[in-house]
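Q: Hey, I'm new to this one. Can you walk me through a few spots?
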Amino acid sequence: LYSQALASKMLEEDVSIEQVFKNVRTEVLKLSGDTQSPVEESKLTGKSFFLKPINFLQIANDFYYRGQYEECLNAYQNAIKHRPEFKDDPWLLTNIGVVYAKIGSEDKAIEYYNLSIEKDSTYAQAYMNRAPQYSLQKMYKEALDDYNTAINFDPLNDSFYAERASYFHWMGENENSLKDYKKAYELNTKYKYYLMQIAIEYQLTNQNEKAIEAYLEYLKFKPKAKEINNNLAMIYEELEEHEKALKHINKEMEIDETPGNYTVRGGIYLGFYLGLGKQSTNNDLNYYEKALQDYTKAIEMAKNLNFNDDGLSNSNSLGMYQAIYEGRIQFFILTNQYELATNDINTSIKIDNTTPDNYYKLFYVFNEQEKYFDAYVQINNCITKAELTTRDFRIGTIGWEETLTISDLYLLRAEISKKIKNYTGSCQDYNTALQLAEEDSESRSEIEKLISENCNSE
């Protein structure tokens, strides 16, 4: 069997000697019905390869790291068959759960984590691994309970705090995420990834100066790390420090030219063009053309990355491709080029027509041009998409500096209805907006005033 497998595997091209022998071992195991496994004394000679005791756990481990998950599960089951005591081993049961999680079998993964906990209720790793499976099933309380339990049993494990931090980040609880990443870094300062995550959470909680400090500290250890200079550029742009923003995005593009980086730099040039922030010391003031060139370059790069000649997606990056269009749409709107903006918005809608954002932008563009009937159609579309998403949907306005609730969208439709003399519809929308407005919010009193002014006469 060994000679047969070796002769076959030696013919494979572009495979290292080490990988040849790994492939031979897999083939012999398969051909012998899991009864023989070569164990080489030397990767170069292949000596002593017959009928050694099979280490099914090592075989399972090899299959796992090669992404052969079904074979990995078979190896674990063979381990239990040959060593029945393994069925009570919480470590092995947890590992089987990990494999099921890898192949997307959430229920089976949870089943094995439960078995592991039944065998040892203090085994922290089983709780830690079960938590994200609960999250995937939207059992968020159970997930958080598992994260907390795991940390209680193993309070010095930095990776556990990082896992809970990731959960908090996913749930939008960035302050809690920041706290956990700080604890993880305190326990393991050698792992600089935590420092990067701390910087990100500072940025997301608008602690910009601390974010800048953490990013710059991280760059001392990882000077060519991707996306860090990009994030610094976005912070400085938010602070309207365009020169510093431009410096960092150019550094990022020396490391990696991506559609996203061209979009960020386009936004920085647009900031210069609009005269925002501190006075520039750059003598090249052709920022309008630079911004447009970068936005257009980003779109072309994204199109080449995500679409084939038939216009079909080659990846799951449609969201990114659509987001790249947002930059140029923003550019055209802020420079009052509404026809060009409309063309790009409609293209973006063709990519994904499920979100309300682009319909809002169309409403905005038509309203600015006083095309009120067209604006009315688009705010209708926007409301329909927003309500299908969730009642708590937040939609970015032009400039992405504010958010609009569903209540706000009804207010906008009420206002546009007045402009087309649909007074009954306008009053209905005012009342709907009032019903949807958050309790004790300032907007409620403003809406009540609008109803009083517009809807109480005969």
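Q: Is Cys 382 buried or exposed?
A: Cys 382 is buried, with a relative accessible area of 0%. Keep in mind that this is a predicted model.

Q: And what about Cys 72, buried or exposed?
A: Cys 72 is buried, with its relative accessible area at 0%.

Q: How many disulfides turn up in the whole structure?
A: A search of the whole structure finds one. That disulfide joins Cys 427 to Cys 455, with 2.2 Å from S to S.

Q: Where do those two sit in the chain?
A: Cys 427 is in helix 22 (residues 423-436), while Cys 455 is in the segment after helix 23 (442-454). The two are 28 residues apart, so the pair links distant parts of the chain. Cys 427 counts as buried because its relative accessible area is 17%, which is under 20%.

Q: Which handedness does the link have?
A: The link of Cys 427 and Cys 455 is left-handed, with -105° about the S-S bond.

Q: Switching topic: what's with the phi of Glu 227?
A: Glu 227 has a positive phi of about 80°, and Glu 227 is not a glycine. Most residues other than glycine have a negative phi. Glu 227 is in the loop between helix 12 (208-221) and helix 13, and is exposed at 54% relative accessible area.

Q: And Glu 240, where does that one lie?
A: Glu 240 lies in the loop between helix 13 and helix 14 (242-255). Its phi is positive too, near 60°, and Glu 240 is partly exposed at 35%.

Q: What does Asn 231 contact, leaving aside neighbours within four places in sequence?
A: Asn 231 is in contact with Ile 200, Gln 203 and Tyr 215. Asn 231 is found in helix 13 (residues 228-238) and counts as buried, at 13% relative accessibility.

Notes:
Residues are numbered from 1 along each chain as its sequence is written. This is a predicted model: local features need pLDDT of at least 70, side-chain atom pairs count only at pLDDT 80 or more; totals for chains, interfaces and linings use all residues. Side-chain values use heavy atoms; hydrogens and water are left out. Helices (H or I, at least four residues) and strands (E, at least two) are DSSP runs, numbered from the N terminus. Buried means under 20% relative accessible area, exposed over 50%, partly exposed in between (1.4 Å probe, protein chains only). Contact means heavy atoms within 4.5 Å. A disulfide is a pair of cysteine sulfur atoms within 2.5 Å.
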